[in-house]
Amino acid sequence: MTNVRIVYRKYGGALHWNHPGRLLGEDEHGVWAEIPGGTVARKGEGPPVTWETTAIMLFPRNAWWTASFNTPPHRSEIYVDVTTIPEWRDGEVTMLDLDLDVIRMRDGRLILDDEDEFAEHQVLLGYPPELITQAEATARWLLDAVGHRKGPFGGAHLEWLAKTT
């Protein structure tokens, strides 16, 4: 498997979550990667954080989000970040994290998280109006798709999970 560096940045370029992963392959939903339990990640230049559970990540080719499908006992089943379209180059995938997150918990609850951070960053970081509109539309679409288990949110990650080491 090929290693990849996964780099989230904030609007303006500041480093956000970043960590390694292993590419698993591609399908109609996008590019899939494994983040094994024990992976060390960092939030910006902050202290290292070790992730205890494995996640399968999906990077769509032309959509404003990225998704993590978490294995038990992680509290969330699916965690979707609203982002700019992921860009690939030189063994790295990068995107801008636009604060809003759609989370499906293991008990089925659906959460739209970080609306306060999104509102704050619109002013603090100077989000342009078209970015705000796209992020809000993406969050609405994700709430429907994740909540109703549409497309990749209906178990597509299981095939990729079975291919992990």
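Reader: Where does Asp-99 lie?
Author: Asp-99 sits in strand E10. Bear in mind that this is a predicted model.

Reader: What is phi of Asp-99 near?
Author: Near 75 degrees. That is a positive value in a residue other than glycine.

Reader: Is Asp-99 buried or exposed?
Author: Buried. The relative accessible area of Asp-99 is 1%, and the cut-off for buried is under 20%.

Reader: Which loop holds Arg-149?
Author: The one between helix H2 (129–147) and helix H3 (157–161). Phi of Arg-149 is also positive, near 55 degrees. Arg-149 has 45% relative accessibility, so this residue counts as partly exposed.

Reader: What about the peptide bond from Pro-72 to Pro-73?
Author: That bond is cis, with omega near 10 degrees. Pro-73 is in the loop between E7 and E8.

Reader: Zooming out. How many helices and strands are there in the protein chain?
Author: Three helices and 11 strands. From the N terminus the order is β-β-β-β-β-β-β-β-β-β-β-α-α-α. The radius of gyration is 15 Å, close to the 15 Å the globule rule gives for 165 residues, so the chain is as compact as a globular protein of that length.

Reader: What box do the C-alpha atoms fill?
Author: Roughly 45 × 35 × 30 Å along the principal axes. Buried residues make up 46% of the 165 residues. Among contacts between residues at least 6 apart in sequence, 47% join residues at least 24 apart.

Reader: Now E6. How many of its residues are buried?
Author: Five of its five, across residues 55–59.

Reader: Which way do they point from E6?
Author: Ala-55, Met-57 and Phe-59 point one way, and Ile-56 and Leu-58 the other. In a regular strand the side chains alternate between the two faces of the sheet.

Reader: What sense does E6 take in pairing with strand E3?
Author: Antiparallel, over five bridges, with E3 spanning residues 30–35. E6 is also joined to strand E7 (residues 65–70) by four bridges, again antiparallel. E6 and E7 form a hairpin with five residues between them.

Reader: Which residue in E7 is the bridge partner of Met-57?
Author: Ser-68. Met-57 is also the bridge partner of Ala-33.

Reader: Switching to pockets. What volume has the largest pocket?
Author: About 790 Å³. Its lining has 29 residues. Trp-17, Trp-51, His-74, Tyr-79 and Asp-81 lie nearest the centre.

Reader: What is the lining of the largest pocket by class?
Author: 11 nonpolar, seven polar and 11 charged residues.

Reader: Which strand gives the largest share of that lining?
Author: E10, with five residues. Other strands that each supply at least two residues include E1 (3–10), E2 (15–27) and E8 (76–83). E6 and E7 are also among them.

Reader: Last one. Which strand is the place of Trp-88?
Author: Strand E9, residues 87–89. Trp-88 has 35% relative accessibility, so this residue counts as partly exposed.

Reader: What is Trp-88 in contact with, leaving aside neighbours within four places in sequence?
Author: Val-4, Leu-23, Val-31, Phe-59 and Val-93.

Notes. Residues are numbered from 1 along each chain as its sequence is written. This is a predicted model: local features need pLDDT of at least 70, side-chain atom pairs count only at pLDDT 80 or more; totals for chains, interfaces and linings use all residues. Side-chain values use heavy atoms; hydrogens and water are left out. Buried means under 20% relative accessible area, exposed over 50%, partly exposed in between (1.4 Å probe, protein chains only). Two strands pair if DSSP finds at least two bridges between them. On a 1 Å grid over the protein atoms alone, a cavity is a set of points where a 1.4 Å probe fits but cannot get out, and a pocket is an open set with protein on both sides within 12 Å along at least five of seven lines; lining residues have an atom within 4 Å of a point. Grid points are joined across faces, edges and corners, and a volume is the space filled by probe spheres set on the points. Ala, Val, Leu, Ile, Met, Phe, Trp, Tyr, Cys and Pro count as nonpolar, Asp, Glu, Lys and Arg as charged, and the others, Gly among them, as polar. Contact means heavy atoms within 4.5 Å. The radius of gyration is taken over C-alpha atoms; the globule rule is 2.2 Å times the number of residues to the power 0.38.
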